[in-house]
Amino acid sequence: MSTNTASKPLTAKDFKSDVKPVWCPGCGDFGVLSSLTKVFAELKLSPENVAVISGIGCSSRIPAYVNSYGFHGVHGRALPLAIGLKVSRPELTVIVTGGDGDGFSIGGNHFLHACRRNVDMTYVVMDNQVYGMTKGQASPTTEATWAKGKLTPGGPGINPFHPLVIALASGANYIARCSSGDPNGTAKVLAEAIAHPGFSFVQVLSPCVTYRPEQRDWKKSTRPSPVEPTDDPARAARRLMSDDGLNTGPLYVGSRAPYQPELKASVENLADLEQEFLV
Amino acid sequence: MSAPEQASARSTLIANVEDLLAHARTMEAEAAERYDDLADQMEVHNNHEVARLFRKLAEIEAKHIAAVEAMGDGLDLPELKPWEHAWDNESPEATEVDEVHYLMTPYHVISIAMHHEKKAVEFFESVVENSADPKLREMAEGLAEEEREHVRLLGEWLVRYPKPEKGWDEDPDPPNLQE
Ligand SMILES: Cc1ncc(C[n+]2csc(CCOP(=O)(O)OP(=O)(O)O)c2C)c(N)n1
Ligand code: SF4
């Protein structure tokens, strides 16, 4: 990782690592990488004070492509890892990145409790409604009738998971949806999400051009939400009841105090440390 | 809002020469960075001819950044956030991330580049049309002419590359098969 030694402010390009992404050309995740690096530059962050944590999946490769600290972890386990990091190093800007499979299937339980615990970090899910890395299986956000998955002939047949509803019900403190086809709009939302105290959840509709080529149309079908975000969970919930999944922008901006245990200068023994994490 | 109304509303964000040059600088920088990213992508996917072309376009755009910066010498250009510019989404000259394919040909590269140079012309023309400030209009007209020249040059390049036949994106041995 190269750090900011010169006085010249860092640009988005400075936040890109030397590792060339192996994503399929056209993949929406390129747009998210562009948004993240732009926002790090705009917030004048230093690479050594940023940690990007992920699980497994195409989208979860992002830490390798960002010039900051990062951890490409275990499938579905990015959130608990990031929570541990943030509570012990609260001065860091912690970003968690991943896909809908990583975050809502194998990592679904962590998602609920991360929203509930409300540690100050930002969780960016690149939602392509499919498992891209393992070659095109249905994910929790896949629509019931998507019949192209070889493991789910005729479609999964069950209603998709609604990430924003779950985030709201579980206590996330900032909730938004973006489209990777609008990297600058996404960067704006990410800047707010990072600046907002507590757990921020940002769903980015990010097309998998290989297994869901029809998602290229999201660029045309997504639209900025016509209403301002609310701080009232009941109002946000009502909005979500009529949401077709294509409105973008912040939905809910809460005011719950983030969870941050008091840090001891040193820890006598591991059992004492463990006690701090018991709820 | 109709398209002309939108153009006029946006042009109010460009009130003077400094605003215009700040926009022009971002336009060239976003285009250059995206071309470089696309060159990297094509190298990763062993499409070397296209990679070289994207890299060349990135180098050309980088020279344009220097040219715009020289025009703004001595002026205090505003530092705009990516989302504070007078355009929706990314700058008109930047290729969008989903416009590419790993089997694309030089013909596609030049066609995409021409499309975005034309959008840049339209952008500067909208500033000319919607401003009453003679200095600003003159500079915007100069920038539009510069972009028109790029469209002409790309047009000359394009004739060197034949239009690929239908089915150019069919891969008998694709890297990603559904499982
Ligand atoms: C414990 C474990 N189970 C299963 C897998 C296989 N696996 C790898 S990535 C993935 C899903 C990826 O989908 P998603 O998180 O939506 O990311 P995308 O690739 O679409 O960006 C699965 C099931 C794994 N790596 N580890
Ligand atoms: S398989 Fe899909 S999600 Fe993975 S890199 Fe390719 S387009 Fe992106």
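Predicted model: local features only at pLDDT ≥ 70, side-chain atom pairs only at ≥ 80, totals over all residues.

Student: What makes B:Thr105 a loop residue?

Tutor: Helices are DSSP runs of at least four residues, and B:Thr105 lies between two of them, helix 3 (48-71) and helix 4 (106-130) of chain B. B:Thr105 and B:Asn47 are 58 residues apart along the chain, while their C-alpha atoms are separated by 8.5 Å.

Student: How many helices and strands does chain B have?

Tutor: Five helices and zero strands. From the N terminus on, the order reads α-α-α-α-α. The C-alpha trace of chain B spans about 55 × 35 × 30 Å along its principal axes.

Student: Now the interface. Why is the pair A:Lys219 and B:Glu96 called a salt bridge?

Tutor: The rule asks for a side-chain nitrogen of Lys or Arg within 4 Å of a carboxyl oxygen of Asp or Glu. The side chains of A:Lys219 and B:Glu96 meet at 2.7 Å, N to O, so the pair passes the 4 Å cut-off. Across the interface of chain B and chain A, the rule finds 10 salt bridges, and 17 residue pairs are in polar contact.

Student: Which helix gives the most to the side of chain B that touches chain A?

Tutor: Helix 2 (residues 17-44) of chain B, with 10 residues. By class, that side of chain B has 10 nonpolar, six polar and 13 charged residues.

Student: How many residues are in contact between the two chains?

Tutor: 29 residues of chain B are in contact with 35 residues of chain A. The area buried between the chains is about 2700 Å², with carbon and sulfur atoms giving 51%. B:Trp83, B:Gln178 and B:Glu179 supply 26% of what chain B buries against chain A, more than any other three residues.

Student: On to ligand 1. What makes A:Ser59 a polar contact of ligand 1?

Tutor: A polar contact needs a pair of N or O atoms within 3.5 Å. A polar side-chain atom of A:Ser59 lies 2.7 Å from an oxygen atom of ligand 1, so the pair qualifies. Polar backbone atoms do it too: A:Val130 has one 3.1 Å from an oxygen atom of ligand 1, and for A:Asp100 the distance is 3.3 Å. Both values fall within 3.5 Å, so these count as well. As for cover, the protein takes up 74% of the 590 Å² of accessible area that ligand 1 has on its own.

Student: Which residues come nearest to ligand 1?

Tutor: Of the 16 around ligand 1, they are A:Cys58, A:Ser59, A:Gly101, A:Asp102 and A:Gly132. Helix 4 (residues 100-106) of chain A gives the most to this shell, with four residues. The shell has six nonpolar, eight polar and two charged residues.

Student: And how do you know which classes make up the shell around ligand 2?

Tutor: Sort its residues. Trp, Cys, Val and Tyr count as nonpolar, because the class list puts them there. The shell includes A:Trp23, A:Cys24, A:Val209 and A:Tyr211, along with A:Asn128, A:Gly132 and A:Thr210. The tally is seven nonpolar, three polar and no charged residues.

Technical notes. Residues numbered from 1 in each chain as written. Chains lettered and ligands numbered in written order. Heavy atoms only, no water. Near = heavy atom within 4 Å. Polar contact = N/O pair within 3.5 Å; in protein donor to acceptor, adjacent residues only side chain to side chain. Areas by Shrake-Rupley, 256 points an atom, 1.4 Å probe, with all protein chains shown as cover. Helix = DSSP H or I, 4+ residues; strand = E, 2+ residues; numbered from the N terminus. Contact = heavy atoms within 4.5 Å. Buried area = accessible area lost by both parts, 1.4 Å probe.
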